[in-house]
Protein chains: 2
Amino acid sequence: MAKAGNQREFTVADVAREAGVSKAQAARALGAYGAVSDAVRSRVLAAAARLNYRPNQTARTLNTGRSHSVGVVVGDIENPYFSLATRGISDAVERSGFNVVLANTSERVTAERAAVDMLMDKRVDGLVVAPASASDAAHLRAVVDAGRPLVLLDRTVPGLAVDAARAEIEPAAREAADLLLALGHRRIGYITTADGGHTPLPSPVAARVAGLVGGFTDHGLTWDPGLLRPCPHEEAAIRRAVADLVRGADPATALIASDSLIGQVVVGALQEEGLRIPDDVSVLMYDDQPWARLVTPPITVVAQPTYDIGFAAGERLAALIGGATNPPPLVPLPATLIRRGSVGPVGGGPAARS
Amino acid sequence: MAKAGNQREFTVADVAREAGVSKAQAARALGAYGAVSDAVRSRVLAAAARLNYRPNQTARTLNTGRSHSVGVVVGDIENPYFSLATRGISDAVERSGFNVVLANTSERVTAERAAVDMLMDKRVDGLVVAPASASDAAHLRAVVDAGRPLVLLDRTVPGLAVDAARAEIEPAAREAADLLLALGHRRIGYITTADGGHTPLPSPVAARVAGLVGGFTDHGLTWDPGLLRPCPHEEAAIRRAVADLVRGADPATALIASDSLIGQVVVGALQEEGLRIPDDVSVLMYDDQPWARLVTPPITVVAQPTYDIGFAAGERLAALIGGATNPPPLVPLPATLIRRGSVGPVGGGPAARS
DNA sequence: TTGAAAGCGCTAACAG
DNA sequence: CTGTTAGCGCTTTCAA
């Protein structure tokens, strides 16, 4: 049972000695740079293999300034949106030889700032950040000013000239609004997450709300902003919001969940309240998830190509790090309304479900 | 628009000059080590703040040998099991000041080996690995031999004296078997993932199967191993396995899904096959997920405290890195059978559902 | 307590 | 092509 670990690791110097060449030549052969004769290269490589030599990336990073790793800062890796996007980012950057250093912020700006600083100190070659705040972004600006490539995920930051990998939400949001309006819904509750009063709303939330408002306006109607319920990502708070919306004096006849984590709670709360979907309350959710097709009725959703969004972010970041002067701009990927059974006419009327 | 990035970062030398002290003293004050007078410390700290100095972690790592980051190697971060566990690991190690470097292996040993090597080269202070193979573990042994702390996640490796953070699966698996047997099930299909013939089975799968087999044995029966279906993590393959099991000559009356990703597909496949749960086929799934309570009928599951498992792994790793001589051993956390509506008597008989 | 100087392991000039 | 000599930015002897 080798409990050792004391055995000093071999270095280029060791390999050089073993191969009988200078340290520089060994380093060149090992690092695959500079000019090395075939003879020397093979001798060095053989020596390295014999010693089981492994290069010290830290040393390499120290004088090249490149760490071959990128930072990914998300709200919460257990949110399916982020885990899928992270997988996309990871797959994209690994292809270019980068590692992913992950940080969760729990959607708190202070945690985000700390994470970004730490990653900068670790000399990551670039960052993908899903900003928790649309206004508090000095730390992101600092990244840009330091010349470190940055790509935003899902959310844009006004005033920050940095592209975001995201879906084009508004058209689908509008389509969703039209669907609900056509079925007679006028009281539409919108549940999103926010720790306290996020002002302004994060851009994707703003787009969702804008689509809804736009739909109402087109019909000469006005959406009651009192039906917007920002609440912390806690089950109890979401349940309270649901109860409040559907049990109030002028109750909502339809509920929109801003993401699948919220959607889950909404559907569960409705079931426990004994309310039928869509007869009593229609439900529409952002982010398609496999389970959305499994429940009865299946949930109508606005689907986003989350993996692809992450992958695009990763590709872009890799290109920027690679020094691409003008990488193709990040185009918002289409979000699509998928009609399933959870949206129906107000009051469970006879009109066809959608 | 500061497109700069050329502005060389400030170093200890700069801070020292600005503070009018030696480089060594500045470094000591900045790094909070060695002996520094209060006067010097405050002068240095003030100078650092003035210059907006940020320490270069890479340099620090190079000569301390500590990177303050840990590697996490999982099969697939988009699998809810791993994303939740990763969050647990992350929360635990961040508490001790470590970052998480993430690597996905897609359950391929070659990818795992490459990831482990890369992380070792990056000088991570320790590793959490969910090994893809129970037999091919030379790279993990190398980690141990190098004296780098290692904690396994979910799966153990025979012959590797390394603790795994995991759930105690077998008792719950046995309980699940008893439940199914009591309801008259004899043909129980078990669907798990494996890319090709994993021999031996990964330990958690083995435990699940052992529980099943043990239950049969207790009743003087034998579980037909032909009902074990290892298939790749692809929807089509899983659907094929389901169809095969429930449509064969001697069809399975109950299906066990080895994780929630498989469970999702199984439930969907059954719905599309027009088979009712549990009247035509009973379903039991490993890993509880919120959606399991949302579908009709809700799914009977064996739940694991996944976040806690990850957290325990992270805590242990941090302790080992901290040089704890004898950190408390990792005790398997309890898995529990949660009876919901998806398991019923064979043939949809009148006996109470469970 | 302080400072000078010597590394950590590698890459990058610069001569030969 | 090869070897020598400096560093990268920080920590760490070792004297003072």
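Reader: Let's start with the DNA. How far is a polar side-chain atom of A:S37 from a phosphate oxygen of DNA strand D?
Author: The distance is 2.8 Å. Keep in mind that this is a predicted model.

Reader: Which elements give two or more residues to the surface near DNA strand D?
Author: α2 (23–31) and α4 (57–64) of chain A, together with α2 (23–31) and α4 (57–64) of chain B. The most comes from α4(B), with five residues.

Reader: How many residues surround DNA strand D in total?
Author: 26. Among the closest are A:R28, B:Y53 and B:R60.

Reader: And what share of the DNA strand D atoms within 4 Å of the protein belongs to sugar or phosphate?
Author: 56%. The rest belong to bases.

Reader: Why do the copies meet through the same surface?
Author: Because 100% of the interface residues of chain A are also interface residues in chain B.

Reader: Now the sheet in chain B. What's the strand order?
Author: β8-β7-β9-β10-β11-β13, six strands in an open sheet with mixed pairing.

Reader: Which strands stand at the edges?
Author: β8 (228–231) and β13 (336–338) of chain B. Each has a single partner strand, so one side of each is left without a neighbour in the sheet. From one strand to the next, the twist averages 20°.

Reader: What packs on that sheet?
Author: Helix α8 (residues 169–182) of chain B does, touching β7, β9, β10, β11 and β13 of chain B. Its direction makes about 35° with that of β13(B). Helix α9 (residues 203–218) of chain B packs on the sheet too, and its direction makes about 170° with that of β7(B).

Reader: Over to chain A. Is β7 mostly covered or mostly exposed?
Author: Mostly covered. Five of the six residues in β7 (188–193) of chain A are buried.

Reader: Which way does β7(A) pair with β9 of chain A?
Author: In the parallel sense, over four bridges. There A:G189 stands opposite A:L255. β7(A) also pairs with β8 of chain A in the parallel sense, over four bridges, and A:T193 stands opposite A:C231.

How values were computed. Residues numbered from 1 in each chain as written. Chains lettered and ligands numbered in written order. Predicted model: local features only at pLDDT ≥ 70, side-chain atom pairs only at ≥ 80, totals over all residues. Heavy atoms only, no water. Contact = heavy atoms within 4.5 Å. Pairing = 2+ DSSP bridges. Axes fitted to C-alpha atoms, helices over the stretch in contact; angles between N-to-C directions. Buried < 20%, exposed > 50% of the residue type's maximum accessible area, 1.4 Å probe, protein only. Near = heavy atom within 4 Å. Polar contact = N/O pair within 3.5 Å; in protein donor to acceptor, adjacent residues only side chain to side chain.
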